[in-house]
Each structure stands twice: as C-alpha cells, then as structure tokens.
Amino acid sequence: MLQGLTQERDPNVLVGLDRSDDAGVYRLTGEIALIQTLDFFTPIVDSPYDFGRIAAANSLSDVYAMGGRPLTAMNIVCFPIKELDSAILHLILQGGLEIIGQAGAVLIGGHSVEDPEIKYGLSVTGTVHPKQCLTNAGARPGDLLVLTKPLGTGILATALKAGLLDQSTTAQITGLMAALNKDAAEAMVEIGVNACTDITGFGLLGHALEMAAASNVGLRLYPKKVPVIPEAKTYAAMGLVPAGSYTNQKFWTKDLQIGPGVEPILVDIMCDPQTSGGLLIAVPEEKAPSLIKKLVAKKVAAASIIGDVVAEPPGKIECR
Amino acid sequence: MNKIVDARGLSCPQPVIMTLDEIKTTQEDKILIMVDTDTAKENVCRAATAQGWAVAEIQPEDDGYRITIRKED
C-alpha cells in the first residue's frame with residue numbers, strides 16, 4: 001500500500017514504514033522512545049460494552065508487542081448518530097475506558113465521524129527504553145517460540161455471526177479478546193526475550209512468517225502443541241471458516257511446508273485471523289522455562305511452547 | 001425436483017446458514033447450492049459433510065460454482 005511513498009530518513013525512527021512490525025517507534029532521548037499505533041474495526045460481538053473492551057485491548061496490544069508500556073489513548077469513533085441511540089456509543093466508550101484503565105493508561109481525547117457503520121478503536125502512545133524495544137526481527141536460531149493465547153477467535157466470531165454459538169463459548173471468546181497482553185508483556189520484559197509480535201489479522205502462520213522474514217531465520221512449528229479453543233475445531237469442520245483464513249493460507253502457502261501428519265483443520269486454525277490475539281515470543285532456550293513459569297504465575301494460562309527457531313531455510317516455516 | 005439455494009452475492013457465514021436451514025427443513029434428498037466465492041464453496045461443502053450429506057458434484061460456472069449435495073442413506 002505504501003510502495004512509492006518516500007520520505008527523508010530520520011535516525012531517530014527505530015521502527016518505521018519499511019518494517020512489517022506492530023507499531024512505530026521513535027527515539028526521543030537515549031532513555032526514552034515513543035511507541036505509536038492505532039487500530040479500529042467494526043463490531044465483532046453483539047454487546048456494545050464488550051465490543052468496546054475488545055477493540056481497546058486489540059489497539060493496546062501493539063504497544064505490548066514492542067515490549068512497551070501504554071501511556072495515553074485517544075478514541076477513534078465512527079457511528080450513525082442519527083439512526084442509533086447514543087446510549088450504544090456510550091457503552092462502547094465505557095468498555096474501552098475500562099480496558100484503558102486496566103492498562104494503566106489514560107484517555108486524553110479522540111475524534112468521531114458520522115458513518116452508517118459502527119467502528120471503534122484507539123490511537124495509543126506508549127514508551128519503551130530504546131535498547132529494550134522488542135521487534136519481530138530479533139529471533140535467533142535456537143530460540144523457542146511461545147504463544148500466549150489460544151487460537152480460534154476468527155472462526156468462533158463467524159459462528160457467532162451465524163447465530164450458532166452458545167452463550168458460554170461466546171463468553172469465553174469475549175473474555176479472551178478483551179484480555180490485555182499486559183501480563184504477558186511484563187513477563188517477557190522481566191525475563192528478557194529476543195523477539196515478539198502479536199497475532200492478529202494474518203493469523204499465527206502469517207505473523208510467524210513475518211517474524212521469520214524480518215529475523216532472517218526459519219521457524220519450526222508443532223501444530224499439536226499450539227493452544228486452540230476446542231470449539232474452534234468443531235465450527236471449522238462445520239464450514240464456519242472466515243474468508244480471511246482461506247486468503248491467508250493461499251497467500252502464505254509458498255513459504256509454508258506442512259508435514260503429512262498435520263491435520264488440515266489445524267492449518268485452517270493457524271491461518272485464522274485473530275482479533276486481539278496473543279503474543280508470539282522468541283525466547284532463548286535456557287530462559288524458556290522461567291518465562292513459562294512467570295506467564296502461568298500471572299495467569300496467562302494458555303501460554304505454550306509451540307516451536308523453535310532454526311537458521312535454515314530463512315523466511316520459511318515448517319509445520320511438523 | 002431438487003431444492004435450489006441461491007447464495008450468490010452473499011458472504012460467509014450466510015451461504016452456510018442457508019445450506020444448514022435447507023438441510024434441516026427439506027423433504028428432498030438432493031439440494032443444489034449456488035455460490036460465487038471459493039470460501040463459500042469450501043464452507044458449504046464442509047457444512048454438508050458435517051451434517052452427514054455427501055458432496056455429489058461441484059460444477060464450476062462463469063460466476064462461481066453449482067454444488068450438488070445428496071443425503072446419505
């Protein structure tokens with residue numbers, strides 16, 4: 001999208017347009033770098049309050065993926081104010097504010113436009129020490145890969161849209177998507193890891209491939225070890241796979257080597273676009289046990305080692 | 001006379017919902033479903049199979065696919 005758009009280089013841009021990373025990072029001083037990101041989307045659940053929580057957690061996630069701490073947030077709102085009750089918008093913003101509070105950040109403004117389709121999200125500013133900023137480019141051969149949330153929210157959101165999802169699974173995915181990556185990020189920063197990205201629209205395999213390419217390494221994933229919301233398998237088999245999963249699969253296929261023993265439905269799930277997904281972390285092998293221990297202590301219950309990093313072939317993923 | 005479900009122009013999960021509804025209510029043992037995306041084709045075939053129906057034929061058309069599904073005995 002940005003091809004052909006050029007600008008003068010600024011040495012303080014630590015992560016910019018030329019990188020396929022989660023947020024932009026700009027060095028202010030030797031001690032402080034600014035992390036900036038924004039994201040907004042259309043409702044994914046029926047409850048306006050829960051939608052607000054999910055959209056906010058999703059927007060804040062990019063700061064956590066860079067190893068940073070969010071400071072301020074601004075609302076981005078599209079709403080058909082003439083057609084819908086403003087109480088709905090109030091609930092969305094209330095949900096968002098609750099999550100901003102949980103993140104320890106503050107809401108300092110925002111902007112709304114009239115639009116026939118509801119959209120909500122945040123522009124978030126955070127900080128990180130320039131030397132501690134985590135990107136998807138730091139994975140090293142020998143690292144282990146850790147995923148902190150189970151996959152399947154895209155499939156289950158499609159089932160919800162179809163009116164087929166029961167209340168308890170709806171509550172489960174709502175809780176997962178509204179959960180901040182704050183604890184997971186704090187754990188990895190305390191332990192010290194090599195690379196991180198968050199899993200969103202490209203699915204696990206897409207974001208893992210970006211990490212492989214940016215780090216110039218190969219990744220080996222063990223699909224049976226990937227945490228999955230159990231109901232996602234059922235609904236994927238029933239044909240409730242979002243178009244994005246098929247698109248992702250098609251788009252990434254040349255860089256994927258899928259072993260003969262891998263269930264095809266797990267490939268669909270590993271390509272499933274996630275909303276407010278977990279962190280994918282590359283951690284030196286000797287630190288992996290203490291990272292998992294810390295994640296579990298912080299109640300990041302799904303955290304699992306799902307693969308490792310190899311030198312060859314760079315930019316590719318093998319699923320075995 | 002086969003039942004026909006025309007799900008062209010609709011995005012997922014709509015074609016799947018229409019297929020599942022038709023499977024639930026039909027008295028026929030064959031249903032023809034018309035879709036216009038690869039996603040809908042794949043998902044409709046999965047939906048039918050998961051309900052114990054067989055995909056008898058997938059006929060590519062200029063503007064999509066005609067999928068015939070058959071009730072298994």
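Two residues are in contact if their C-beta atoms, placed from the backbone, lie within 7 Å. This is a predicted model, in which local features need pLDDT of at least 70 and side-chain atom pairs count only at pLDDT 80 or more, while totals for chains, interfaces and linings use all residues. Residues are numbered from 1 along each chain as its sequence is written, and chains are lettered from A and ligands numbered from 1 in the order in which they are written. Helices (H or I, at least four residues) and strands (E, at least two) are DSSP runs, numbered from the N terminus.

**Domains**
- The domain assignment of chain A, which is automatic or from a database, gives domain 1 (13-128) and domain 2 (144-319).
- The centres of domain 1 and domain 2 of chain A, taken over C-alpha atoms, are separated by 22 Å, and the contact takes 19 residues from domain 1 and 19 residues from domain 2.
- On the side of domain 1 of chain A that touches domain 2, α1 and α2 (86-102) of chain A each supply at least two residues, and α1(A) gives the most, with 10 residues.

**The sheet**
- In chain A, 7 strands form an open sheet with mixed pairing, in the order β8-β11-β7-β12-β9-β13-β10, where two strands pair if DSSP finds at least two bridges between them.
- Because β8 (195-198) and β10 (256-258) of chain A stand at the edges with a single partner strand each, one side of each is left without a neighbour in the sheet.
- β8(A) and β11(A) run antiparallel and are joined by 4 bridges, with D198(A) standing opposite L279(A) in β11(A).
- Helix α1 (residues 48-65) of chain A packs on the sheet, touching β8 and β11 of chain A, and its direction makes about 175 degrees with that of β8(A); axes are lines fitted to C-alpha atoms, for helices over the stretch in contact, and angles run from 0 to 180 degrees between N-to-C directions.

**Helix α10**
- α10(A) lies across β7, β11 and β12 of chain A and runs at about 10 degrees to β7(A).
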